[in-house]
Amino acid sequence: MSKIFPFIAPKEPKASAENKILSGYPDGTFRPTNNITRAEFTVIATRLGNSKIISEASKFNDVPNEFWAKDFINTAYKNKYLKGYGNGLFMPNNNVTYQEALTILVNILGYPNETTSRENSEKFYSLTWPNNYIDAAVNLGLLKNISVEEVVLKTGAAVVRQFDL
């Protein structure tokens, strides 16, 4: 199970692979202690969101049409799960940060929405990024057993694939 986002993966990476949420590398390795890139996390998140994959020209200047995750990145962008860095850049090979990962997950869950309390919606829109997404993650229960301080202290830190095997 992921030590940082325990709701993402079941106890066994094999179960995630069978559900096509996680997969290894072309060389047959899984690399459970590596950092996760923005492209890799986007693929995982798009699969979690059960999104219909959109196959079209890249929306980002730094994501070539031949890039392995291009269709997942385009799908996540079109579904408003994520944004690029501006100037047409996505930086797919950069490590995804905790704040970016939370942002994507909160967006996949459609927060805020019509079932969100008025107080929580107003708070979400009054805070700046990433604080609004950290607060939303708390409200959604995504940070159970994780202190908000721990996430805030990891600002800019890369998400690591960590499984208790």
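This is a predicted model: local features need pLDDT of at least 70, side-chain atom pairs count only at pLDDT 80 or more; totals for chains, interfaces and linings use all residues.
**View 1. Salt bridges across the whole structure.** A search of the entire model returns seven salt bridges. The views below show some of them, including the pair Arg 31 and Asp 27 and the pair Glu 56 and Lys 59.

**View 2. Arg 31 pairs with Asp 27.** These two residues form a salt bridge. Their closest N and O atoms are 2.8 Å apart. Asp 27 is exposed, at 51% relative accessible area. Arg 31 is partly exposed, at 30%.

**View 3. Glu 56 meets Lys 59.** The two side chains join in a salt bridge, with an N to O distance of 2.8 Å. Glu 56 has a relative accessibility of 25% and counts as partly exposed. Lys 59 is also partly exposed, with a value of 37%.

**View 4. Lys 78 reaches Glu 56.** Here the salt bridge spans 3.4 Å from N to O. Lys 78 sits in helix H3, which covers residues 70-78. Glu 56 belongs to the loop between helix H2 (38-48) and H3. The pair therefore ties together parts that lie 22 residues apart in sequence. Lys 78 is partly exposed, with a relative accessible area of 42%.

**View 5. A network of three residues.** Glu 56, Lys 59 and Lys 78 are linked by salt bridges into a network. Glu 56 takes part in two pairings: one with Lys 59, and one with Lys 78. The N to O distance is 2.8 Å for Glu 56 and Lys 59, and 3.4 Å for Glu 56 and Lys 78.

Definitions and conventions:
Residues are numbered from 1 along each chain as its sequence is written. Side-chain values use heavy atoms; hydrogens and water are left out. A salt bridge is a side-chain nitrogen of Lys or Arg within 4 Å of a carboxyl oxygen of Asp or Glu. Buried means under 20% relative accessible area, exposed over 50%, partly exposed in between (1.4 Å probe, protein chains only). Helices (H or I, at least four residues) and strands (E, at least two) are DSSP runs, numbered from the N terminus.
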